[in-house]
Structures are given as structure tokens and as C-alpha cells.
Amino acid sequence: MHMQPKVIATDAALQLIEQLKAKYGPLMFHQSGGCCDGSSPMCYPQGEFIIGQSDVLLGEIGGCPFYMHAAQYEYWKHTQLIIDVVPGRGGMFSLEGSEGVRFLTRSKMFDSYDELL
């Protein structure tokens, strides 16, 4: 049985993460569940976003922890999140906003339930 990571990043996203780490230091991600910034991955300096007991650590991208609220995770638990970068303006609280690009979450269904364990 081969376990797939629950969150991965494209080369473009990893390159942007490295640029942001050089500028801001250690980073963290939280998959936004809506409201002001839609449903996008938000990038913060590590410790700037308060992680609660209802947040799930999905893994790391570029050496940075990636979290999602447990209620939202229930909808996404059968998918692998693929964090990418596209031109445009992201969430106003996310660090990449000043770079002219934004992080974007794509997803694919896991092939089998065993890969989710």
C-alpha cells in the first residue's frame, strides 16, 4: 500500500514559497474556507495565524505546515490538494499578494481508500 501525501505543491508554488521564506522567514499555510478571501490557500508568517483544536495538519509544502479546518476537511478528505500559483491577486491577508500572483488549490481524488490512511 502506497500512501499519497494529502497536500503537495507544484514547482511554481515551491519556488514562490522559497522567495517568500527569504523575505518573511518561516511560513505556514491555512486553507481558507470562504468569507473574505474565498476558498484559497492563505500563506502567513509562521505563528501569525492562530491554529485551533479544530484545525487539521494535512502535511507540509516547501517545509511549511499546511492546515485546514476540520469541518472543511470532511469535504476534502478524499482528495489530494495540489497547491499551484497563478497570475492575479490573492487573498488580502496572504503574503503572496504583493507579488502579482496568488496560490490556488487544485485537487484530485485519491485512487483508493487505502491511500487515505
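**Close-up views of a predicted model**

Figure 1. Phenylalanine 29 counts as buried because its relative accessibility is 0%, below the 20% under which a residue is called buried. The model shown here and in the following views is predicted. The structure holds 3 aromatic pairs. In one of them, the ring centres of phenylalanine 29 and phenylalanine 66 lie 5.9 Å apart and the ring planes meet at 20°, so this pair is stacked. The two residues belong to distant parts of the chain, 37 residues apart: phenylalanine 29 is in strand β2 (residues 27–31) and phenylalanine 66 is in strand β5 (residues 64–69). Phenylalanine 66, also at 0% relative accessibility, therefore counts as buried. Phenylalanine 29 pairs with phenylalanine 103 as well; with ring centres 5.1 Å apart and planes at 85°, this pair is edge-to-face. Here, too, distant parts of the chain are linked, since phenylalanine 103 is in strand β7, 74 residues from phenylalanine 29 in strand β2. Both members of this second pair are buried. Together, Phe29, Phe66 and Phe103 form one aromatic cluster.

**Figure 2. Why do the planes of phenylalanine 29 and phenylalanine 103 make an edge-to-face pair?** The angle between these two ring planes is 85°, and planes over 60 degrees apart count as edge-to-face. The rings of phenylalanine 29 and phenylalanine 66, by contrast, have planes at 20° and are therefore stacked, the limit for stacking being under 30 degrees.

**Figure 3. The surroundings of phenylalanine 66.** Leaving aside residues up to four places away in sequence, phenylalanine 66 touches Val7, Phe29, Gln31, Pro41, Val56, Leu57, Leu58, Gly59, Ile61, Leu81 and Ile83. Another, isoleucine 83, is the bridge partner of alanine 9.

**Figure 4. The largest nonpolar core.** This core has 21 residues, and those with the most contacts inside it are Phe29, Ile61, Phe66, Ile83 and Phe103. Two or more residues are given to the core by each of the elements β1, α1, β2, β4 (55–61), β5, β6 and β7. Its largest share, 4 residues, comes from α1. As a general background, nonpolar side chains tend to be buried together in soluble globular proteins.

**Figure 5. The open sheet of three strands.** In an open sheet, 3 strands follow the order β1-β6-β7, with mixed pairing. Strands β1 (7–9) and β7 (101–109) form the edges, each pairing on one side only. On average, and with direction ignored, neighbouring strands of the sheet are turned by 30° against each other. Strand β1 runs parallel to β6 (residues 79–87), to which 3 bridges join it. Strands β6 and β7 run antiparallel and are joined by 9 bridges; in one of these pairings, aspartate 84 has leucine 104 of β7 as its bridge partner. Strand β6 is mostly covered, with 8 of its 9 residues buried.

**Figure 6. Helix α1 across the sheet.** Helix α1 (residues 11–24) lies across β1, β6 and β7. The helix runs at about 70° to β6.

**Figure 7. Glutamine 31, a buried residue with a polar contact.** Glutamine 31 is found in strand β2. Its relative accessible area is 1%, so glutamine 31 is buried. The side chain of glutamine 31 is joined to that of threonine 105 by a polar contact of 2.7 Å. Apart from residues up to four places away in sequence, glutamine 31 touches Ser39, Ser40, Pro41, Phe66, Tyr67, Met68, Gln72 and Thr105.

**Figure 8. Is lysine 6 buried or partly exposed?** With a relative accessible area of 24%, lysine 6 is partly exposed. Lysine 6 has its place in the segment before β1. Its side chain makes a polar contact of 2.7 Å with the side chain of tyrosine 73. The C-alpha atoms of lysine 6 and histidine 78 are separated by 8.9 Å, although these residues are 72 residues apart along the chain.

Technical notes. Residues are numbered from 1 along each chain as its sequence is written. This is a predicted model: local features need pLDDT of at least 70, side-chain atom pairs count only at pLDDT 80 or more; totals for chains, interfaces and linings use all residues. Side-chain values use heavy atoms; hydrogens and water are left out. Two strands pair if DSSP finds at least two bridges between them. Axes are lines fitted to C-alpha atoms, for helices over the stretch in contact, and angles run from 0 to 180 degrees between N-to-C directions. Contact means heavy atoms within 4.5 Å. Rings of Phe, Tyr and Trp (its six-membered ring) pair if their centres lie within 6.5 Å; planes under 30 degrees apart count as stacked, over 60 as edge-to-face and the rest as tilted. Buried means under 20% relative accessible area, exposed over 50%, partly exposed in between (1.4 Å probe, protein chains only). A nonpolar core is a set of buried Ala, Val, Leu, Ile, Met, Phe, Trp, Tyr and Cys residues joined through side-chain atoms within 4.5 Å. A polar contact is a pair of N or O atoms within 3.5 Å; within protein, one must be able to donate a hydrogen and the other to accept it, and residues adjacent in sequence count only if both atoms are side-chain atoms.
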